[in-house]
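Here are my notes for you on this one. Have a look at the picture first, then go through the points with it open beside you.

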Amino acid sequence: MRSLEILVVDDDDADALMISEALESSEQQTTVNRVADGREALDYLLRTSPYEDAQRPDLILLDLNMPRMDGRETLAAIKTDDRLKAIPVIILTTSGAAPDIASSYQHRANAYVTKPFGLDEFEATVRTIDRFYREVALLPPSD
């Protein structure tokens, strides 16, 4: 098993904390970084100020509903940028709306997962994503 570098893009502090705690409680090394919206995510991914020293993530967990630049716009920007498009992006959101699901896959999301409401189910879902990308999926090389 390998360590993962995960970028969480979510404006909800409670959800971001639950995601981080679920990932960091893994038996394997996981580094979790968090930004609060799509604009910050692109700054992080493109290593612009204040993220010049940011590590390229192995995986991005992206919420859809955020201020400034939402997840839909962020996903489109990531998947049309040759430097970023190989990074797997998992939509992790409260929306189960068919148009959001269809749009996310049309913009090349690697998976679409709705956030469960219960704490235990939420953590189990995040751990399942982590386990899949750590143990099963092959990831593109980091730069």
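**Notes on the model**

1. Let's start with Tyr-133: at 10% relative accessibility, this residue counts as buried, where buried means under 20% relative accessible area, exposed over 50% and partly exposed in between (1.4 Å probe, protein chains only). Keep in mind that this is a predicted model, in which local features need pLDDT of at least 70 and side-chain atom pairs count only at pLDDT 80 or more, while totals for chains, interfaces and linings use all residues. Residues are numbered from 1 along each chain as its sequence is written, and side-chain values use heavy atoms, with hydrogens and water left out.

2. Which way do the rings of Phe-132 and Tyr-133 meet, stacked or edge-to-face? Rings of Phe, Tyr and Trp (its six-membered ring) pair if their centres lie within 6.5 Å; planes under 30 degrees apart are stacked, over 60 edge-to-face and the rest tilted. That rule gives two aromatic pairs. In one of them, Phe-132 and Tyr-133 have ring centres 5.0 Å apart and planes at 85°, so this pair is edge-to-face. Phe-132 itself is partly exposed, at 39% relative accessibility.

3. Now for Asp-63, which UniProt lists under "modified residue: 4-aspartylphosphate" in an unreviewed entry. UniProt positions are given in the numbering used here, feature names are shortened, and annotations may be inferred rather than shown by experiment. Asp-63 sits in the loop between β3 and α3 (helices, H or I with at least four residues, and strands, E with at least two, are DSSP runs numbered from the N terminus). With a relative accessible area of 5%, Asp-63 is buried. Leaving out residues up to four places away in sequence, Asp-63 touches Val-9, Asp-10, Asp-11, Gly-71, Leu-92, Thr-93, Thr-94 and Lys-115; contact means heavy atoms within 4.5 Å.

4. Asp-11 lies in the loop between β1 (4-9) and α1 (13-24) and is partly exposed, with a relative accessible area of 32%. Asp-11 and Val-35 are 24 residues apart in sequence, yet 7.5 Å apart in space, C-alpha to C-alpha.

5. Which residues of the largest nonpolar core touch the most other members? A nonpolar core is a set of buried Ala, Val, Leu, Ile, Met, Phe, Trp, Tyr and Cys residues joined through side-chain atoms within 4.5 Å. Among its 22 residues, the answer is Val-9, Leu-45, Ile-60, Leu-62 and Ile-91. β1, α2, β3, α3 (71-79) and β4 (89-93) each give two or more residues to this core, and α2 gives the most, with four. Another core lies apart from it, with 19 residues, among them Ile-6, Ile-19, Tyr-133 and Ala-137.
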